[in-house]
Amino acid sequence: MLHKRFLPAITLWLSKKNRHILNAYCSTLINDNSPANDEQISINTAKTKLMEKIELSPVKKKKKEKQINYIEKSIMHDKEILDIINYIEKVNPDVINVVKSIKLTFKKGDTNILHLIDKDTAVKYASLIESDLSKNMCYVAELNPGFCILTRELLKIGVPLINLYEGNTKIRKILEEICTKYPGRLNLTSSKYSNLFGLTRAFYDDKITDEKYQNSFKAIENKNWEDKTYMQVIGASDSVNLFTFIIYSLLYRKGFMFFGRPVFYIAVLPSLWHRYNICTISTNYRFYTYTKVMFKLMFNYELLGILNRKAFIPWPKKKRIMVKKSNLWMKEDCEELYVIKLEPKADLYSELSQEDWITFSYFVKNHMGKRSSRVIPSLEKWIPDCGIRLIAKDYTIYTQFGDLTPIQFLELYKEFKSWPEYKESHFIESMNDSLGAYGEAKFLTE
């Protein structure tokens, strides 16, 4: 049952004499020694008693009811925070006091930074990437290492030097102390620009671009694109725009792609992996978008294993899950993270030059905006009477852009670009106007 002082406490809160009393009371409620069954209280019962006690007009009663609903959410929020704290105490009690002292975010907010807090999960993560990572460890970069739980496991499997990039400045002192325990094996870069998976937003904010971003990699040696990877990136992110950001970086050779070809060993949302790996023309027409075409043409990718989502904080917000494929993926997002290997193709520029890849991306985006658009009528808007050439290439008047595989899309672009009218076509003018009017960041919007 609720504590007898619960109703007076809410009444006092509603009278605005003390807005903080509820949080203090909830703390005592959580630590109460009453039986487990009694803790599963009925907030609705408390609400009814309170409304009976306070006789109000219908308008004021509605207002008070809204306030009580807010109290309900506050209580549930505190209970979820308690679950997270209890989980950390169970899997890694060494860090719980540190987590509390720096007021690290427990709940999902406006961030895509994930920190690993489970030792066993760190061991599994390291084991999943060990075999492939050991082939090339020229510049290992761990993003958002947090409390260095994964870092220690990477050192154990033989990584000679780990470059740590931490965007949360609250953890800087902790990381500095850890670095002193491993002299010559850890190199720390900690600033607000060090969340390298969070730079999606930075492209919108004052164009925090090359100088500040590239300074994060100033110690790296340039390599030719066809050479072995120059950087091995390890981290975790639950951003739904992560792959879009990486595609953008590759197209314009920014950030990770500036000095050469990197390889990523990253933990990502299962739904993100499914959308890019599983979704094709035959499996899900709705999810088959231009970024999926670019992704499949520009990258090699592989699923290495699965990790427990609870091992990373902050935890995701709980949402109502309906029985649909996409919502089942959302449910999976709350339970797991997929560890993948993602690597730009070494022969990328043997297919198209960097400039042509940018032009091709506009070609795909322009025509995949409406996947039911037909190929021949659409291209004839750019180059009149070109339909006869396409028919000779086995296209029909009914062929839609959504029917094309990524390889077929690339072949169609090469054919389109080979025509003598291409350079004087309206397509070039449209592309230049689009990139000039909206900037490169327009590519980030699907």
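I began with Y87, which counts as buried because its relative accessibility is 13%, where buried means under 20% relative accessible area with a 1.4 Å probe, protein chains only. This is a predicted model, in which I took local features at pLDDT of at least 70 and side-chain atom pairs at pLDDT 80 or more, while totals for chains, interfaces and linings use all residues. Residues are numbered from 1 along each chain as its sequence is written, and side-chain values use heavy atoms, without hydrogens and water.

I then looked up W315, which is also buried, at 12% relative accessibility.

Searching the whole structure, I found 25 aromatic pairs, meaning Phe, Tyr and Trp rings (for Trp the six-membered ring) with centres within 6.5 Å, called stacked when the planes are under 30 degrees apart, edge-to-face over 60 and tilted for the rest. The rings of Y87 and W315 are edge-to-face, because their planes stand at 65°, with the centres 5.7 Å apart.

I noted Y362 and F427 as a tilted pair, 5.6 Å centre to centre with 50° between the planes. Y362 is buried at a relative accessible area of 11%, and F427 is buried at 0%. Both belong to one aromatic cluster, whose members include W357, F360, W382 and Y413.

Lastly I followed F360, which, leaving aside neighbours within four places in sequence, is in contact with M294, L297, L352, F409, L410 and Y413, contact being heavy atoms within 4.5 Å.

How values were computed:
Buried means under 20% relative accessible area, exposed over 50%, partly exposed in between (1.4 Å probe, protein chains only).
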